[in-house]
Amino acid sequence: MKSIHKIIIAVAISIGASVTSCQRLDIPPTNIVGADVIFGSEAGVTSYVANLYRALPIEDFKYRPDGNGGDNNNPPGFKRGGNDWENFYNSASAIGEEVGPYGGFDIGGGFGYWPYNDIRAVNILIEELPKHVTELTQPRVDQLLAEGHFIRAYFYYGMAKRYGGVPIITVPQDPASPVSELQVHRNKEEEVWDFISSELDLAITGMSETSEKGRANKYVAAALKSRAMLFAACVAKYGSENFVEGPARSQGFVGIPAEKAQEYFQQAWDAAKLLEGKFDLYNANPDKEQNYVDLFLKYDGNPEVIFVKQYSVAIGTAHSWDATMSPRYFTANALSRSYPTLETVERWGALNVTNPDGTPKRYSTRAEVQAGLEPRLLASIYFPGDVLRGKEFDMQRGIYPSFSGTAANEVAKPANTRSYVLAGGTDVLYNGKQVIGFTGPFTGGDELTRTGFYVRKYVDYNKAQAAVDLNRSEQPWYDFRYGEILLNRAEAAIELGNTSDALECVNKIRSRAGASTLGSVDRDAVRLERTKELVFENQYYWDLKRWRTADVVLNNARFKGLMPYYVFNEDKFIFLKEPELFQRNYNFDKRFYYEPIPGGQLALNPNLYPNNPNY
Amino acid sequence: MKKQISRLLLLGISVLAVSACTKTDNYEGPNASFEGRIIDATTGENLQSETGSTQIRLEQQDWETTASPQTIPSKYDGTFKDTKLFKGKYKVVPTNGGFWPVYDTATVDIGSNTQHNFEVTPYAKITNFSSELVDGNTLRLTFTIDPPVTAGLPTLRTIQPLVNITSMVGTGATIRDYSVTERLNMNGKAFAELPDVSTDVDVAGKTMTLEVPNLKRGTKFYVRVGVQWNDSFASWNLSNILEVQVPNE
């Protein structure tokens, strides 16, 4: 009974206390930063846009196109957490540029990219800034607004290339408005690309010529415009020839009338031309191979670099490129799992590893296979015989006690009738000789090459082995570099019939690469140059899509590797072109030229129907 | 006092428990079924099919929100059947096969044992399909590609033998070395440009041969041929399936 009294007293006291204290608490909450604080100072705006830059759909080292994992703080796709180390889950390894952990073309459905929360944040920025002219000054507000238009264009570009037409929302929606107003209809694909174009025009005219590293300026906006308009032009031109029928297409939500192609190609060319004279190809080292390697590692003062994404061990955003592109043999931790294919290598021309009579050429060292190859190829891919951190890439698939006959006959034989000696580990010896190399090729696990090659581009060779660990790589990702801009311009030029301009751009790229210059180019030559220059930069996936060639290139496709063998009785090496050792099969369904509108969004907003064709 | 409180608590808990149980799942289970045939309108026979080819696409109309579409794959004999559907009104349309697109979607009330047949016009019929063994273990396949309608026909993608050791032989169920590696890439060639090896003017369409060398001896194979078109689905027309016994040496 006494305890009940106590309870009553306690309740009375706490009610009294809370009623009186409520009046004192009636102040602006100190843990919420209001619009005046954020938009009223340069520091506030910087922190606000930093969050937007962090969310930009930049397909960098960490980009993972399959939608695995993720939460609000570290969404799928554009990973931004502290431990997104599996950098071999890249788009290259789903399309045969590399082969890797994906079982085939596993990424067609996308990961439900739907950044309207980020777009809302930009819309708030664009709405708020004009209210703060007194604190920020009019010229500064104009520049920041232009930056906002760039950021907004980037988000819409990330969606347009995936879905085609999406709702264009330019003002922050009021959550209290009727649901019918909040459920916005899709815009036509053409309208979305035109919107991106006009946003970028605002950015180009309004922004200054330079900016701090990692932040956009006039030329970054022009670079994005050349990339985006090239995409739109190809959708118009090639999407009108190779398409999937459906209501979304007949209503214009996917697909652009073919007659718009020329206009978009012209916009892409004009935008690329804006950067001429402002940037240049990196050419600091007369050694062409070393120069091309350093292009991706010497970022400060590099005239080719237009826009980068930066990483930091200190704040937990570092990537793991060094630890996941090379095998454990060269690193302090982790493993590699995706490997360049022979088809990628042979973009540079067929590797000549057989004699005229069809027998495999004999090599005294592995490195001899590199003789005569283009410096850019050798700088992009680690070949057998290359050296990293004092150790050799000693790729060796096995040992032939002796070898006779032609390469073609040998490769055609069933595996169990071939006379080679293979091994399940690097410790196995054949007459005192190690059977497989420390760096593979090997099928016991995924961690050694399955093709005979490793990625070299962006790998920091200066790091000591002990320092090559997960989440310890800080070299920035070049989101835009002048090399791409020249190739965008060349492709637009060739489509516009300006062959001489295309040739000029391609030859600039080629001479820096250490390749001979060409006397003439056609569309296929421009495209081929692009796939060589931009290999492993997450471009080829979108190139295949916008050229509408993915369903042809990936029609039950299988890829090959270059398998080095040691011929014991001759003390020589031979190289055989054989199916890559994952034995993956890649098939691209035509509907994958567009991703499906995310199912969760369709449930929230039925006005997003019709979904893209065949979903 | 204590007793009263505990009784009150007990009462409260039982009220909560009873109210929590009052809502039962009174929706019917997926007890409706839908089956039928996909018929070649030019012959009245079932369209040659496979798993992963022609599908029946269903969109439920009487659901409270827009329902996600579902599909029923067809079988090798050109029939389809799904016995685990929810009862309701569905828009149904055959898709993803080697036939001219069907735009008039039918609406069907699917209940127990609902039957519905679809008539489609194939891009091409594959007729006169025959096989012979030459040199012991090379298979020569002869067949005629006969499109009922040639105006507006999609371009060709591949022409390919399909070989398997079970009777389940289709574009995704083959032995690769006897099938995909032996395909003819047509690269968008028009049907009219195809050569015709037959001199018999009475045979409509284009007659072709394909060879599959080095078949494993002493093995029984199931074989058909497929023609793939550059339409929305990269769809296939398939022949009937033949059994071929490759003898020992």
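In the hairpin of E9(B) and E10(B), 3 residues lie between the strands, and Asp135(B) there takes a positive phi near 55°. Strands (E, at least two residues) and helices (H or I, at least four) are DSSP runs, numbered from the N terminus. This is a predicted model, in which local features need pLDDT of at least 70 and side-chain atom pairs count only at pLDDT 80 or more, while totals for chains, interfaces and linings use all residues. Residues are numbered from 1 along each chain as its sequence is written, and chains are lettered from A and ligands numbered from 1 in the order in which they are written.

**The hairpin and its sheet in chain B**

E9(B) is joined by 8 bridges to strand E10 (residues 138–146) of chain B, and the two run antiparallel. Two strands are taken to pair if DSSP finds at least two bridges between them. Within this pairing, Ser131(B) stands opposite Leu141(B), and Ser130(B) has Thr142(B) as its bridge partner.

**A mixed sheet in chain A**

Chain A holds an open sheet of 3 strands, ordered E7-E12-E13 (chain A), with mixed pairing. Strand E7 (398–400) and strand E13 (572–579) of chain A stand at the edges with a single partner strand each, so one side of each is left without a neighbour in the sheet. The twist averages 40° from one strand to the next. E7(A) pairs with strand E12 (residues 560–567) of chain A in the parallel sense over 3 bridges.

| Residue | Bridge partner | Strand of the partner |
|---|---|---|
| Ser130(B) | Thr142(B) | E10(B) |
| Ile399(A) | Tyr566(A) | E12(A) |

**Overall form of chain B**

The secondary structure of chain B comes to 1 helix and 16 strands. Its radius of gyration is 27 Å, well over the 18 Å that the globule rule gives for 249 residues, so chain B is more spread out than a compact globule. The radius is taken over C-alpha atoms, and the rule is 2.2 Å times the number of residues to the power 0.38. Along its principal axes the C-alpha trace of chain B spans about 105 × 45 × 30 Å. Of the 249 residues of chain B, 30% count as buried. A residue is buried if 20 or more other C-beta atoms lie within 10 Å of its own, exposed if 12 or fewer, and partly exposed in between, with C-beta atoms placed from the backbone.

Glu243(B), in strand E16 (residues 242–246) of chain B, is exposed, with 10 other C-beta atoms within 10 Å. Its C-alpha atom is separated by 6.3 Å from that of Val223(B), 20 residues apart along the chain.

**Contacts between the chains**

Between the chains, 9 residues of chain B are in contact with 12 residues of chain A. Contact requires C-beta atoms, placed from the backbone, that lie within 7 Å. The side of chain B that touches chain A divides into 5 nonpolar, 4 polar and no charged residues. Here Ala, Val, Leu, Ile, Met, Phe, Trp, Tyr, Cys and Pro count as nonpolar, Asp, Glu, Lys and Arg as charged, and the others, Gly among them, as polar.

Note on methods:
Two residues are in contact if their C-beta atoms, placed from the backbone, lie within 7 Å. Axes are lines fitted to C-alpha atoms, for helices over the stretch in contact, and angles run from 0 to 180 degrees between N-to-C directions.
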